Amino acid sequence: MTISGSHITQLQARPSICKNKTALPSANGASLASHSLLRLGQISLPCLISLSLSLSLSVVAPVYATKLNAKPLPHAGAAPGAQGVDADVNEYGRPIKDFGHGQEVTLPASQWAGRKLDYRDAAAKEKEEAAAKAKAQADAVKKAQDDRNSAIRNYQQIAIDANNKAIALGKQGKLPEAIAEHELSLKYDPSNKQFRINLSAAQTLYGQKLMAQKDYAGASNMFRKALVSMPDNGQAGKYLAEAIQRMGLDPGLSDNRLGIGDQLAAAGDIAGANVEYQQAMRLDPSARTYTKMGDMSTRYGQAANAVNWYRQAIVKDADYGPAHRQLGNMMLAMKDMTGAAAELRKAVILDPKDTAAGQGLIEIWRRQVALNPTLAENHLGLATAMQLTGDFGTAESEYAQAEKLDPRNASLPSARASLQRAIKHMAAEKHKAAAETFYNQGLARDAMAEIGQAVMMEPRNDKYQFLLGQCLENGGDLEGARQAYHTCVLIDPKNTEAAQHLREVENALAKGGQRAIRPSQPTGLTRQDGGGSQAGQQNPGMGIGLTQGSGQPGSQGAGPGGAANGRNKNMFEGNPQTGGGNTGTPYQASGSGGQTRPQQQYSNQQGQNPGQAPRQAPQAAQAPSQAIDPSTQATLTAADNMEKQRDFQGAANLLQQSLGNNLQNPLIHHQLAVNLLNLGQLEEAVSEFRIASALNPTNKIFMEDYARALKIHKKAMMDDSGSGAQTTGAVGDLK
């Protein structure tokens, strides 16, 4: 086959195309490669022909290799001195040169050894140290975790073994040993609920066994432990109630459960006490129960929970002193001095015998005085604390110190007045305590003497009046007892017990049961007139004169049915002035030894304020004059003079002192109410107006004044600004 030149040229141009397709083998394998390519069928025919021609041309010229006889280049070969290697050459075949000429050369110290590290070196060093420390910590944590996991596995295995052993002992009836093993299992694995269930069940079974042996105390103790282990063990709670009942106590009374809890707490069984307090809480969630729960929280160190319990107790009963005391102690521990002082003060006021609250209150104010001894308010606070705890001498000293620091302190007068009342009240309480002792021992005469002294000191004390009524009733003086009970109800309208006694005495009087006190009875309740003559037996604070000759009740100073000589001064008519005619009539009353009281008149003093027309009391023209003793008349006259000088405080103090002998005199109560209203003491004034109206309900002016005082008080209570809370000034200015 003949190939033209154009075709050859075309074929020679293709090897460039085929060269990129595949790598060609050597010349000796050209035919084999061509054969392989044909087999593969991947090369086209024109490309194959071009490839064959190229291979034929490449194998035509012979190939020759040039032999190199030069010395090899230096390389790491045999050691110097080895076979075929010169001894004076190194391992690379180079001559060894001695630059020191056989002497050892010492190089100078490097200048970098003592150089100061720069910030990069310091940072690098710190980084290395931090990395090393972190690695050590990580290794320690990992080791601790491994040790902990290993210990947990060991503990869990010990707990499982103990539980299994306990179950086996329980099946054998060895309950104490089984309980010990169950407790050991819980010690090593306290979070295992099943272990707790097993322990509670074993304790319940052992409690049943003890109860069958009539060991009710031990059984109840074991049932409490079962409830501690598992609080929702209803069977243990049921058996506990049964054991307490067999001990002679009613388990359904919260007081019994609280008492048992107190005994357990005193013995150190806090967990058992907590069980009893919880049972009492379910029976009666009272203030006392809430306080006990707060005490348990305090023992367990749960301060916030304890405060919550105490506050709930106060909500239940704001007059429960222990709740205030415990809340104050918690606030003191929390460094809330203001709140602690307020709560402890309430606790002492509610229960003056609470020495713990009193000592805590004193300690707070002593700290305040030590921090700032020049502040008068701190001394006032300490004086108040001392006064509340009965240390009147120290209280007076602190009040004197406060006066030195701040003579114009507005709280000083009222504080010192309260101290005097407290001293007087303490003396009255001693008389009352003695009266109660005599009364309980059946010594009626001694009891009358003591309670009479207490009533003279505090005629407005409803408890004293009630005890006086009991003594009089026991002594057979039903009329005197009726007056005492009546006064007690007037002072405290909510005293239902006094009201019940009053009704019983009035029923007895209606049946003719009146019996006067014997003239010779030394009751200690008599009042002496001037010159030593006795003015007839009277009950102090009652104002009832008994005519000794007849044995019948004598004339009363200003009893129901009229006031003496029209002295019904309206509180809105102005301050009384001296003047007016004498409209009173003389009276006589027999006294001891046949002596008669001197005749005397009580003048009607009706005055007016400038710019205000006088108003005659309508009752004065209607009622005849009433008997009044000279002491009372002198008191009223002195009070009038003080009122003219606008000394309302002095007049009020004088009238309050005279109440001991004139508690049934409506004039004294009415005039005292007028002065109290002038002083701005609205509540006390309303109370006195109410008593005056009750003692003389037919007196129209008394009723009108009482109604107006109620309106003023109501307005003051409803006044948002509080300006009506302390009303001062002349009575005639009030509208």
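In the loop between α22 (478-491) and α23 (496-510) lies Asn495. The structure described here is a predicted model. The relative accessibility of Asn495 is 15%, and because residues under 20% are classed as buried, Asn495 counts as buried. When neighbours within four places in sequence are set aside, the contacts of Asn495 are with Asp462, Cys488 and Val489.

The chain as a whole contains 28 helices and 2 strands. Of its 735 residues, 40% are buried. Among contacts in the chain with a separation of 6 or more, 55% are between residues 24 or more positions apart.

Beyond the residues up to four places away in sequence, Gln203 touches Ile179, Glu183, Met222, Lys225, Ala226 and Ser229. The C-alpha atom of Gln203 is separated by 7.9 Å from that of Leu175, although the two residues are 28 residues apart along the chain.

The largest nonpolar core comprises 61 residues, of which Met211, Phe223, Tyr277 and Tyr399 touch the most other members. For Tyr399, with neighbours within four places in sequence left aside, the contacts are Leu380, Ala383, Thr384, Gln387, Leu412, Ala415, Arg416, Ser418 and Leu419. Another core, of 22 residues, lies apart from the largest one; Ala447, Ala454, Cys471 and Cys488 are among its members. Cys488 is also one of the residues in contact with Asn495.

The packing of two helices is described by the angle between their axes and the distance between the axes. For helix α11 (residues 270-283) and helix α12 (residues 287-299), the axes come within 9 Å and cross at roughly 150 degrees. Angles over 145 degrees count as roughly antiparallel, and α11 and α12 are therefore roughly antiparallel to each other. The crossing of α11 past α12 is left-handed. On the α11 side, the residues involved are Ile270, Ala273, Asn274, Tyr277, Gln278, Ala280 and Met281, which meet Thr289, Tyr290, Lys292, Met293, Met296 and Arg299 of α12. Classified by residue type, this contact consists of 8 nonpolar, 3 polar and 2 charged residues.

Notes
Residues are numbered from 1 along each chain as its sequence is written. This is a predicted model: local features need pLDDT of at least 70, side-chain atom pairs count only at pLDDT 80 or more; totals for chains, interfaces and linings use all residues. Side-chain values use heavy atoms; hydrogens and water are left out. A nonpolar core is a set of buried Ala, Val, Leu, Ile, Met, Phe, Trp, Tyr and Cys residues joined through side-chain atoms within 4.5 Å. Buried means under 20% relative accessible area, exposed over 50%, partly exposed in between (1.4 Å probe, protein chains only). Contact means heavy atoms within 4.5 Å. Axes are lines fitted to C-alpha atoms, for helices over the stretch in contact, and angles run from 0 to 180 degrees between N-to-C directions. Helices (H or I, at least four residues) and strands (E, at least two) are DSSP runs, numbered from the N terminus. Angles under 35 degrees count as roughly parallel, over 145 as roughly antiparallel, 65 to 115 as roughly perpendicular and the rest as oblique. A crossing is left-handed if the near helix is turned anticlockwise from the far one by less than a right angle, and right-handed if clockwise. Ala, Val, Leu, Ile, Met, Phe, Trp, Tyr, Cys and Pro count as nonpolar, Asp, Glu, Lys and Arg as charged, and the others, Gly among them, as polar.
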